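Subject: Two-chain model for you to look at

Hi,

Here's the structure I said I'd pass on.

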Amino acid sequence: MTLLDIFSYGFMVRALIAGILIGLSGAFLGSFLVLKRFAMIGQGLAHVAFGAVAIGLLLGDQPLFIAMPIVVVVSILILKLSEKTSVHGDAAIGLAATVAMALGTLLASVDGGFQTELNSYLFGSILTVQQTDIWLSILLFGSVAGFGLMYYYDLFSMTYDPVFAEVSTIRVKRLNLILAIFTGMTVVIGIQLLGTILISSFIIFPTIIAMQFHQGFLKTLIIALSFALATVLAGIMTSFVYDLPTGSTIVLLNALIFGFTYSVKQLRGGLT
Amino acid sequence: MSLLDVSQLSVKYESFTALKDVNFSVENGEFLAVLGENGSGKTTLIKAILGLKEPHSGIITWEKGIRLGYLPQHLNVQDRSFPATVKEVILTGALAYQKGFKRPTLAMHQKLDTLLADFSIAHLKHQRIGTLSGGQQQRVLLARTLMSDPDILIMDEPTSALDSSMRSTFYDLLKDLNEGGMTMMLITHDVGSASDVLDRVIYLDQTIIFDGTFADYCENAAISPYIHTHATHTHEVHK
């Protein structure tokens with residue numbers, strides 16, 4: 001089998017398109033979330049998505065359409081809670097994640113009919129990516145790209161120095177809200193491919209790999225997007241050729257690259 | 001109308017009253033210092049007038065269309081690995097106020113180069129800000145603030161990361177900006193190096209204890225034990 005054979009399979013083409021679009025969206029959002037030290041919102045929302053998918057499976061056969069608004073609402077709630085000084089961001093994420101996981105497990109055990117299907121959302125599968133997921137990925141990528149082009153400088157300013165940004169009339173809270181909503185959407189659309197356990201790697205890995213190159217913000221963002229694209233392509237193809245789980249392959253590929261770039265940085269005191 | 005009017009301002013943190021019945025105005029072109037010991041409410045006052053802390057009561061009125069410049073005590077970002085160059089950071093000062101689709105203009109780049117040259121940091125333009133010394137970072141932050149041509153510059157302990165010779169250079173620079181028409185509001189617990197440039201002093205201890213010229217502030221040292229301590233210190237620095 002050659003690599004070109006991959007493109008003769010419809011499900012592989014769908015997985016590649018969805019993977020690239022979700023990977024680029026996650027890497028873009030992750031550049032701001034990681035540097036704001038709010039990256040764990042991706043992991044937390046993935047757990048929330050597990051509970052939300054359980055509700056979706058209980059109510060019908062299109063669980064992601066039910067999970068989407070639930071995860072988006074919870075992402076807003078996490079943000080609002082973390083803005084209160086009495087509940088820190090990581091605690092707010094932990095609260096939402098554990099409640100949602102508990103709810104998902106409880107619903108599955110009470111109903112019993114969808115336990116197996118629910119478990120398939122834990123690790124995802126390229127076989128399950130449908131045409132609808134492609135459209136959702138295009139919608140997500142288009143929205144995130146438009147948002148990024150329009151507000152790049154405001155996002156950078158508020159990530160670097162939120163107090164200065166707020167004094168400079170940048171609407172920091174509104175931008176944070178949009179970031180949280182897009183992160184929720186990325187997680188829900190991405191769990192089909194990577195599953196709830198691994199989806200946050202799309203948000204975290206590209207940025208921490210790019211940071212090892214010691215560049216300015218724009219170059220770091222471009223490097224993160226490039227690595228997101230490369231690891232999604234290589235991960236999906238490798239998993240197909242060697243019959244490996246796609247999500248795990250992508251995550252471990254990222255981990256290898258991170259380990260390599262980090263080691264080189266330590267040895268050379270910066271790659272450039 | 002004054003540039004800034006603060007009337008009957010009180011700010012609370014739950015049951016703790018940080019500021020009570022604070023009244024003052026800032027006029028165009030003034031160089032004002034707000035002094036006070038640690039915990040006197042200086043930072044709370046800054047947060048309130050910048051709109052970062054909701055007052056418990058009172059009214060803060062800015063002249064319409066005013067552009068605020070804010071220079072923090074130090075970088076809010078303490079992570080030295082943050083991927084941002086000096087150029088990227090300084091440009092945010094001008095871009096924040098750009099309307100619509102934000103992109104750096106030729107005029108912004110020219111102003112950036114002028115400020116970098118004025119502050120002797122042109123050679124650092126493409127360096128990551130985390131690699132700079134405290135003094136260099138402070139000059140970058142001042143350049144960022146000046147990119148937006150602010151009407152008033154509000155500074156919170158701006159010289160805390162600078163040594164004594166750099167402090168006097170820094171205040172000379174502020175003096176030039178003030179003479180060019182920019183209003184200055186300096187919050188500090190050490191007025192020493194700034195004493196030559198001040199028009200007016202407000203002494204704060206939850207409320208305003210003294211409001212007058214710097215000369216009166218020194219002469220009226222007997223008004224309060226706080227002021228006495230401070231003015232004596234100031235005179236010593238002056239000598």
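For the cut-offs, buried means under 20% relative accessible area, exposed means over 50%, and partly exposed is in between (1.4 Å probe, protein chains only). Asp21(B) sits in strand β2 of chain B, and it has a positive phi of about 50° although it is not a glycine.

Some ground rules before going on. This is a predicted model, where local features need pLDDT of at least 70 and side-chain atom pairs count only at pLDDT 80 or more, while totals for chains, interfaces and linings use all residues. Residues are numbered from 1 along each chain as its sequence is written, chains are lettered from A and ligands numbered from 1 in the order in which they are written, and side-chain values use heavy atoms, with hydrogens and water left out.

**Chain A**

Chain A has eleven helices and zero strands. Helices (H or I, at least four residues) and strands (E, at least two) are DSSP runs, numbered from the N terminus. With a radius of gyration of 19 Å, close to the 19 Å that the globule rule gives for 272 residues, chain A is as compact as a globular protein of that length. That radius is taken over C-alpha atoms, and the globule rule is 2.2 Å times the number of residues to the power 0.38. The C-alpha atoms fill a box of roughly 55 × 50 × 35 Å along the principal axes, and 54% of the 272 residues count as buried.

Contacts (heavy atoms within 4.5 Å) say something about the fold too. Take those in chain A between residues at least 6 apart in sequence: 75% of them join residues at least 24 apart.

- His214(A) lies in the loop between α9 (201-211) and α10 (217-241) of chain A. Its phi is near 55°, a positive value in a residue other than glycine, and at 31% relative accessibility His214(A) counts as partly exposed.
- Val163(A) is in helix α7 (residues 162-167) of chain A, and it is partly exposed, with a relative accessible area of 27%. Val163(A) and Phe32(A) are 131 residues apart in sequence and 16 Å apart in space, C-alpha to C-alpha.

**Where the chains meet**

26 residues of chain A are in contact with 29 residues of chain B. Together the two chains bury about 2600 Å², with 66% of it on carbon and sulfur atoms. Buried area here is the accessible area (1.4 Å probe) that two parts lose on being put together, summed over both. Tyr153(A), Tyr160(A) and Phe164(A) supply 31% of the area that chain A buries against chain B, more than any other three residues.

**The sheets of chain B**

One open sheet has three strands in the order β2-β1-β4 (chain B), with antiparallel pairing. Strands count as paired if DSSP finds at least two bridges between them. β2 (16-26) and β4 (57-62) of chain B are at the edges with a single partner strand each, so one side of each has no neighbour in the sheet. The twist averages 20° from one strand to the next. Axes are lines fitted to C-alpha atoms, for helices over the stretch in contact, and angles run from 0 to 180 degrees between N-to-C directions.

Strand β1 (residues 4-13) of chain B pairs with β2(B) in the antiparallel sense over seven bridges, and Leu9(B) stands opposite Val22(B) in β2(B). Helix α1 (residues 42-49) of chain B packs on this sheet and touches β1, β2 and β4 of chain B. Its direction makes about 120° with that of β1(B).

Another open sheet has six strands in the order β5-β6-β7-β3-β8-β9 (chain B), and its pairing is mixed. Its edge strands are β5 (68-71) and β9 (207-212) of chain B, each pairing on one side only. The twist averages 15° from one strand to the next.

Strand β8 (residues 200-205) of chain B pairs with β9(B) in the antiparallel sense over five bridges. These two strands form a hairpin with one residue between them, and Gln206(B) in the turn has a positive phi of about 70°.

Cheers
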